[in-house]
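Here are a few friendly notes to read alongside the model. Take them one at a time, and keep the 3D view open as you go.

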Amino acid sequence: MLAVRNLSFSYGQKSVLQDINLDCKPMLTAIIGPNATGKSTLLKCIAGLLKHRGSVTLNEVRIENGGAARQVSYLPQDNGSPIALTVLEAVLLGRHQYLSWRVGQEDLELAFGILEDLGIEELATRPLNQLSGGQQQMVSIAQSLVREPQVLLMDEPTSSLDLYRQLEIFNLIKEVTWERNIITLVALHDLNLAARYADRLVVMNKGTIYNAGEPDEILTKAMIKTVYGVQAEVYMDGDRLPVVVPKVPMSSARRKRLHDSMEKGDSERVLLDRLTLGSRYIGQSTDNELLNTEIPSKAQQSIILK
Amino acid sequence: MDDYPISHSAMKMSVTSRGAYDRITKRKLTCLIGVIGALILTFFVDVITGPAWLSMNEVIQGIFWPDSSDPMVSVIVWVIRLPVALMAIAVGAALGVAGAEMQTILGNPLASPYTLGISGAAGFGASLAMVLGVGVVPYAEEFLVPLNAFIFSLISCMTIYLLAQGRKNQTETIILVGIALLFLFNALVALLQYMASENQLQAVVFWLFGSLMKATWPKLAIVTTVLILLIPMFAKDAWKLTALRLGDSKAQSLGIDVRKLRLKVFLSISLITATAVCFVGTIGFVGLVAPHISRMLVGEDQRFFLPLSALSGALLLSAASVGSKMLIPGSIFPIGIITSFIGVPFFIALILTRKEGHW
């Protein structure tokens, strides 16, 4: 059990985290919340990288100042400088505490195995400075997993990855979490990814924990409106998982342009604008308030599109 | 580990990938062996060449059978040539290692004992002794110049570190303060030169050129002892130092105490640099270039990068030592001049011929 008790942290005079209390069991927990709300700082405090007030313990052993720090693996958002080092050597750095001058067969096999699980084994001998941003992020993930941690902390682990890779990585993280029975905390912005893969969501707002619980309890219209300031619909998909569909916030200038067009009788342009918006976001066409105009009927849409 | 899901797939580890890794490791080892071979060759040439025009047989006999050889040959070989040739290797290795670790802990390819003003401080300390006869350590007249150079090198290192201590941008501060000190010490040396008599000025200028000719067995023993004591410490931290090249936040995330590591390495390289430059004077190019040559050949993995930096530094200075005797037969040029003559074309050729993204 990972226990965070009365954790507070400030950057100089600026308070970032206030009196955080959190218990995490072996499962995948996603920390969500707006920018600059303290998600990354909380992960760094848990990893023992920032001096903070309060305590963080793993099975009642303090993590900071050595202690259980070896059992914690933290993946920062920053992938590090791309240097003249092969991918395999970079992954092995994750096990530097266990390595001597000569790398053992067991460590090599572990590193290769993780590269294979991530589907990037063909990169093993490529230098980091030849990789794309997404590939570098995959290497960082491999570096984090190769440590075989009891607590896995990941800060936006898939921010540079395409949709396929995002799903692949989260499948792997979930698999590792459950099969290895480890505590995984992932800071995420993508609410739908969090809902699909996390067993538990922790919502942070203004340096405090706003709420925590299972995704279908946490992801509500009210929470999204209060924490993010965004209007959204929350649906249940076929797997009974919540799906968040945000309503597109529109600038006042754009709203004015549309109204002006309407007044000029430029109905076709208004309707086309409306259709374009509708095609960008699923569910957008049900939002009447945004435009204060009637949604074109199916017949009208087909005429315009022709 | 058996219940870890990753290890199941490790069973089907790609043979081709493993083979490729082994090939890369072998290539790096080949580079190391190649440089060792070249170093042995330059050492041998360094010992057999010199203004005394001794033949190869005389030198070999002087080395291995000193009792049965001409006493003059024996003295030339054992008192002059061997200490000088070995000092070139020891000081070259020291500067190579110091430059490599400076670039590593500061994350800057321009860091070297010269660019951070450490050699400049040594030059000022030595000049102070030569011009004003002022010694930092009392009752050490015989070693006044090297001791002054040593102490001032350490003072400059400590100043740099203390001024950067606690700052958010610690590495940038170290580099900027180092460059500022370089200019300060250069100005102070210029001031002393202005005040110096003709003989003193000649002595100062000659010291600043850098020279191996004052090498002796005790001096060689001191430099070698410092290297033997400190290089294993770098070797022990090889993986941590490699991780540090990824950047501070990445290294911290891998569980490395970055500040502690940086302090430990900085103190060690200060000691190595101070010891190396105090006996031979200002040799500017080796500490900057040897790490770059090594990086191009074997990359950033410190298990190979560190020994190759030491070896390529030693090779550069050993080759420069040979060059200093061959440029004008019968005379010996100051080695500090020759290192750049030999190193710059070689270095530029390496830069121009390397492939993008490779090393």
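1. A term to start with: two strands pair if DSSP finds at least two bridges between them. This is a predicted model, and in chain A it shows an open sheet of four strands, in the order 2-1-4-5, with antiparallel pairing. Strand 2 and strand 5 (61-62) of chain A are the edge strands, each pairing on one side only.

2. What packs on this sheet? Helix 1 of chain A, residues 39-46, does, and the helix touches strand 1, strand 2 and strand 4 of chain A. The direction of helix 1 makes about 60° with that of strand 2.

3. Now follow strand 1 (residues 2-11) to strand 2 (residues 14-24) of chain A: seven bridges link this antiparallel pair. You can find A:A3 opposite A:D23 in strand 2, while A:F9 has A:L17 as its bridge partner.

4. How many residues lie between strand 1 and strand 2 of chain A in their hairpin? There are two, and in this turn A:G12 has a positive phi of about 65°.

5. Strand 1 of chain A also has strand 4 (residues 53-58) as an antiparallel neighbour, joined to it by five bridges. Look for A:V4, which stands opposite A:V56 in strand 4 of chain A.

Definitions and conventions:
Residues numbered from 1 in each chain as written. Chains lettered and ligands numbered in written order. Predicted model: local features only at pLDDT ≥ 70, side-chain atom pairs only at ≥ 80, totals over all residues. Contact = placed C-beta atoms within 7 Å. Axes fitted to C-alpha atoms, helices over the stretch in contact; angles between N-to-C directions.
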